[in-house]
Amino acid sequence: MVAALLALAAARAVADGNPYTPAVVAVSAVLLGCYVAGPLLPGVRPRSGGAALWLAVLAAVWIVLLALTQDGVWLAFPLFFVQLHLLAPRWGLPAVAVTTAVAVAGFARHTGTLNVGTVIGPVLGAAVAVAVVLGYQALYRESEQRRRIVEELTATRGELAAAEHAAGVLAERERLAREIHDTLAQGLSSIQLLLRAAERALPSRPETALGHVVHARATAVDNLAEARRFVRELSPPDLEAGSLPAALERLCATTARASGLAVHCQVSGTPAELPTPHEVALLRIAQSALANTVRHAGARRAELTLSYMDTEVALDVVDDGAGFDPGAPPPAADGTGFGLAAMRARARALHGALAVESAPGEGTAVAVTLPLPPAPGEAAP
């Protein structure tokens, strides 16, 4: 636009026979050179002293051109945009006002009259320039604000994803810890007890020792199946072979054979099909509770009861052993003491509750209650 307006001013000076034609052409060339040099100078940047100095030189050359020809008034319009872009608002608007006044005065000098038409042209051009620049700046600020918001949202989403990943990792570690404690660890403990019993029976009672070894081998086979299940993420082998009551019956029988403890299993209520997570949790809690009875209680008898009710299912494991103080901190120096915490975690994961009643010398009762999900088509209570 600047180059076209300067070319127009020079061409009209030549065509109209302006007595200052050589000067108009020369000043137009100088003004164009100054304008082109501005973006190339490193000091000419928005809100800088170099920009103010360059605009002052540009305005001075433009005033000389305006004094030589009235066509110089058209250069005020691009000057408005440059001033508003490079100067701070507190200086840009006064500079536009001064440039408008100079343009009106120069145009009036050449026409010899000062009327509404003489004033309205430069003023309207200045108003349009101010409106365009201020509107662009408002849009730019809004765009920058949105960009910052998007960056913050992206960063927050990344933090949330990292937090969810960390929470998932911790939850999976807890799940694996419960599974290993309730299956492999308990199985290895049973194998250890059976092999100790076999060692004590040798060499005087080889048949008894052989029986212990056979039971240990069967426990090892079960543990191998559990380890393979971890890899395949399938349901427990005991549940794959039948229902939960049948799995609990086999658990009681296996525990009785391996430990010599009298374990009795009974089912109360009408057996119903439970969700797989409920069956897995109840079986694991039963395994852990019986393992604790065998290892720590010194009991002679244990009772396991599975109760089916209308809205919940309950499992009770009661023994007549030495008992303990439930309020005392669990021993953890050797890695034990995880069983009750794991049982509670399993119950909480299914919105259930686990209660432990015990006292020294009075045995132990472990009771877990899990709410049943509503049947399909039935509203939740």
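**View 1. An open sheet of five strands, with mixed pairing, has the order β1-β2-β3-β5-β4.** The edge strands, β1 (262–268) and β4 (353–358), each pair on one side only. From one strand to the next, the twist averages 10°. Strands are DSSP runs of E with at least two residues, helices are runs of H or I with at least four, and both are numbered from the N terminus; two strands pair if DSSP finds at least two bridges between them. The model is predicted: local features need pLDDT of at least 70 and side-chain atom pairs count only at pLDDT 80 or more, while totals for chains, interfaces and linings use all residues. Residues are numbered from 1 along each chain as its sequence is written, and side-chain values use heavy atoms, with hydrogens and water left out.

**View 2. Strands β3 and β5 run antiparallel.** Eight bridges join β3 (residues 312–319) to β5 (residues 364–371). Val 318 stands opposite Ala 365 in β5.

**View 3. Helix α11 lies across β4 and β5.** This helix, residues 339–349, runs at about 145° to β4. Axes are lines fitted to C-alpha atoms, for helices over the stretch in contact, and angles between N-to-C directions run from 0 to 180 degrees; contact means heavy atoms within 4.5 Å. In the loop between α11 and β4 is His 351, which has a positive phi of about 60° although it is not a glycine. His 351 counts as exposed, at 70% relative accessibility (buried means under 20% relative accessible area, exposed over 50%, and partly exposed in between, with a 1.4 Å probe and protein chains only).

**View 4. A cis peptide bond joins Leu 202 and Pro 203.** Its omega is about -5°. Pro 203 is placed in the loop between α6 (116–201) and α7 (206–232).

**View 5. Arg 12 forms a salt bridge with Asp 71.** Their closest N and O atoms are 3.2 Å apart. The pair links distant parts of the chain, 59 residues apart: Arg 12 is in helix α1 (residues 2–15), and Asp 71 is in the loop between α3 and α4 (76–86). Asp 71 is buried, with a relative accessible area of 7%, whereas Arg 12 is partly exposed at 35%. A salt bridge is a side-chain nitrogen of Lys or Arg within 4 Å of a carboxyl oxygen of Asp or Glu.

**View 6. Arg 146 and Glu 142 form a salt bridge within helix α6.** The two residues lie four apart, about one turn of the helix, and their closest N and O atoms are 2.8 Å apart.
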